[in-house]
Each structure stands twice: as C-alpha cells, then as structure tokens.
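The following exercises concern the structure displayed below. Each consists of a task and a solution worked in steps.

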Amino acid sequence: MSALRILHLTDTHLFGDETLHYGVVDTAERLRLALAHMADRPFDLVVCSGDVSEDGSEGSYRRARDLIGEWARERGARAVFAMGNHDRRAPFRAVLGGGQPDAGEQTLEGAEAPIASVAEHDGWRVIVLDSSVPGRGYGAIDQAQKQFFEQAIQSPAEHGTVVVVHHPPIDAQTDLLQALCLDEHDTAWLLSTIRGTDVRVILSGHYHLPVVETVGGVPIVVAPGVANIARAFDRRTEESAIDAYGGATVDISADRVRVVPFEQRMTADAEVFKFEEEAVVRIIAAAGR
C-alpha cells in the first residue's frame, strides 16, 4: 500500500491587498513562514481546510493559489482547498474551482452550488465538502452535498479516502466556537455515513488550535491556524488568540495515521485579539444559529 504524506494548513485568512488581520497580522507572511517551516520535508498533498480568505476577494484566492499551489508543485505535491465561513463561493470558484483544480476533479454542478469535489491521487481519493453557510459563522452540509458524498464513497478507493471539511464534526473548546460549530444533525450524518467505509481521516480547521479526536476509528484532525492560534484553556465564555502560526503533518499508511502538529510563536504571548463575554454574546447572536 502506498503511504500518503499531507501538510495540513488551515485558516490562512488571506487578503487580496496588504490589509492586516485584526490590524496586527500579515497573513500572507504567516503563510510563507508556515510553508518555509516545512520546506525540507516531502509531501503528496498540501491541504488548506477553509477560511482560505478573510475578505473573499479573487485577489486573496489568487494569493493562496500562488503561494500554496506553487509550493506544492515545486515538491511534486498537489494543493487542496476547502471553503470556510469567511470564504465566498463565487470568487473561490473562479480561482480555485471545486478546491482541487489540478486534479481532474468532479464537482457539484451549478453556479450557486456549494464548493464540493472528489478527485483521485495515486490511488487515494480526496473529497472536499463545503460546510459554509453564506452570511453566518456556523457550519452545515446541504442535501445535494450529502448525496454527492454518499455516491462518491459507495465503493472504496485503492488506498482509501481523505475528507476535507472546514467545520469539524467534533465539539469545540469555547462557547463561541460551539455556537459556530457544524450543525449537530450534519455532524451525526457525516460520522454515521463514514462508518464502515474507506475514509481514513477527516481534516478540518475553524477552531484555530490543534485537536485530534478519533470517532468510530476515524481520526478527525483540526490543525492550528496559520493566521493565529486560539488559546485552548482560557475561560469558555471568552475567546482569544495569540500571535503564532501552525499546521500539522499527517502521515497515512496501511495500519496507522500519524499526526504531528507544529506551532511557532512570533512574540512571546503576544495577543492578537481577546473578546470578553459580552462581545462573545454579540457575535453568537450575529453569526450563530
């Protein structure tokens, strides 16, 4: 069986211009640093699991394509992108297609359809799902995608399947992110649907901190954010992040999945943002269910 080596990045929050994220972070530079951090290692896939963009501009997706896509191609790897809650479908599709533009992807039809795709890579199948809900922060998977996904995994791939979806099908660490998590019915559907199939791993983002949880024998891997990394154990009612970037390596072989997160702080304990409880309540009201 062929092994698969993945560089898992997420939440790059790129802009089409030189705007700083939260007025602090040059996200394009953070992405360059994250890629440089792993430059001496070989990979088969470079996955960005959502919130590719912050401003939803075509320029931001071109920047992602140029930085991640070129870095991957230089190493004989293939880039994979998924939609997140900050992404916008029309500009994403115009630049990145269904998230696997260099792989002969099969996608959902329709200009307004979610960004979902399936493609093969050396006997491995990669399925991208779109958990974004336009104008909101929480995640959901519509019926068209469910049918698309169920059909795609009806028969096993030669080596197995990798699923990429921005909102993780596991609980969050804080009240804010729990209010902005994947719909519980869609979580139950996804975890039930993959049971007994050839799905080897689910790659997600959104939480901005490293989490690995195994459900039904399938690891769900949440990589730390590239734009910033969330504080994992502050009060649940607050939300904050430090000035750092990260990612994870995911190695899949016949009998195991090995996940190694990496993090690099820019300045010791420098804070990018902190939302007190009152601000969290307002965000939940505006972007949650």
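This is a predicted model: local features need pLDDT of at least 70, side-chain atom pairs count only at pLDDT 80 or more; totals for chains, interfaces and linings use all residues.

**Exercise 1. The largest pocket**

Task: Describe the largest pocket by its volume, by the residues nearest its centre and by the classes of its lining.

Solution. Step 1. The space in the largest pocket amounts to about 640 Å³.

Step 1. Its lining consists of 38 residues, and those nearest the centre are H13, D51, N85, H86 and L180. Two or more lining residues come from each of the elements α3 (89-96), α5 (175-179), β12 (239-242), β15 (271-275) and α7 (277-287).

Step 2. Sorted by class, the lining contains 16 nonpolar, 12 polar and 10 charged residues.

Step 3. D51, one of the residues nearest the pocket centre, may now be examined by itself. D51 belongs to the loop between β2 (45-48) and α2 (58-74). With a relative accessibility of 2%, D51 falls under the 20% cut-off and is therefore buried. Its phi is near 50°, which is a positive value in a residue other than glycine.

**Exercise 2. The second largest pocket**

Task: Determine which residues line the second largest pocket and which elements give two or more residues to its lining.

Solution. Step 1. The second largest pocket holds about 160 Å³ of space.

Step 1. The lining residues are G104, E105, Q106, V118, A119, E120, R125, F148, Q151 and A152. Strand β5 (117-121) and helix α4 (143-152) are the elements that give two or more residues to this lining.

Step 2. By class, four of the lining residues are nonpolar, three are polar and three are charged.

**Exercise 3. Helix α6 and its ends**

Task: Identify the buried residues of helix α6, state what covers them, and describe the start of the helix and the residue G196 just after it.

Solution. Step 1. Helix α6 spans residues 184-194, and its buried residues are D186, T187, W189, L190, L191, T193 and I194. An α-helix has 3.6 residues a turn, so residues three or four places apart point the same way.

Step 1. The cover over these buried residues includes α4, β8 (199-204), β9 (211-215) and β10 (218-222).

Step 2. At the start of α6, a side-chain oxygen of D183 comes to within 2.9 Å of the backbone nitrogen of H185.

Step 3. Within the helix lies T193. T193 counts as buried because its relative accessibility is 18%, under the cut-off of 20%. The side chain of T193 reaches the backbone oxygen of W189 at 2.6 Å. Apart from neighbours within four places in sequence, T193 is in contact with F149, E150 and I153.

Step 4. Beyond the helix, R195 lies in the loop between α6 and β8. R195 is exposed because its relative accessible area is 55%, and the cut-off for exposed residues is over 50%. Just after α6, G196 adopts a positive phi of about 80°.

**Exercise 4. Two further loop residues**

Task: Locate D11 and E276, and decide whether each is buried, exposed or partly exposed.

Solution. Step 1. D11 is placed in the loop between β1 (4-9) and α1 (27-37). Its relative accessibility is 0%, so D11 counts as buried. The phi of D11 is positive, near 55°, in a residue other than glycine.

Step 1. E276 occupies the loop between β15 and α7. Because its relative accessibility is 39%, E276 counts as partly exposed. Leaving aside neighbours within four places in sequence, E276 is in contact with T237 and E238.

Step 2. Distances across the structure complete the solution. The C-alpha atoms of E276 and F43 are 40 Å apart, and these residues are separated by 233 residues along the chain. For R195 and A270, 75 residues apart along the chain, the C-alpha separation is 42 Å.

Notes:
Residues are numbered from 1 along each chain as its sequence is written. Side-chain values use heavy atoms; hydrogens and water are left out. On a 1 Å grid over the protein atoms alone, a cavity is a set of points where a 1.4 Å probe fits but cannot get out, and a pocket is an open set with protein on both sides within 12 Å along at least five of seven lines; lining residues have an atom within 4 Å of a point. Grid points are joined across faces, edges and corners, and a volume is the space filled by probe spheres set on the points. Helices (H or I, at least four residues) and strands (E, at least two) are DSSP runs, numbered from the N terminus. Ala, Val, Leu, Ile, Met, Phe, Trp, Tyr, Cys and Pro count as nonpolar, Asp, Glu, Lys and Arg as charged, and the others, Gly among them, as polar. Buried means under 20% relative accessible area, exposed over 50%, partly exposed in between (1.4 Å probe, protein chains only). Contact means heavy atoms within 4.5 Å. A polar contact is a pair of N or O atoms within 3.5 Å; within protein, one must be able to donate a hydrogen and the other to accept it, and residues adjacent in sequence count only if both atoms are side-chain atoms.
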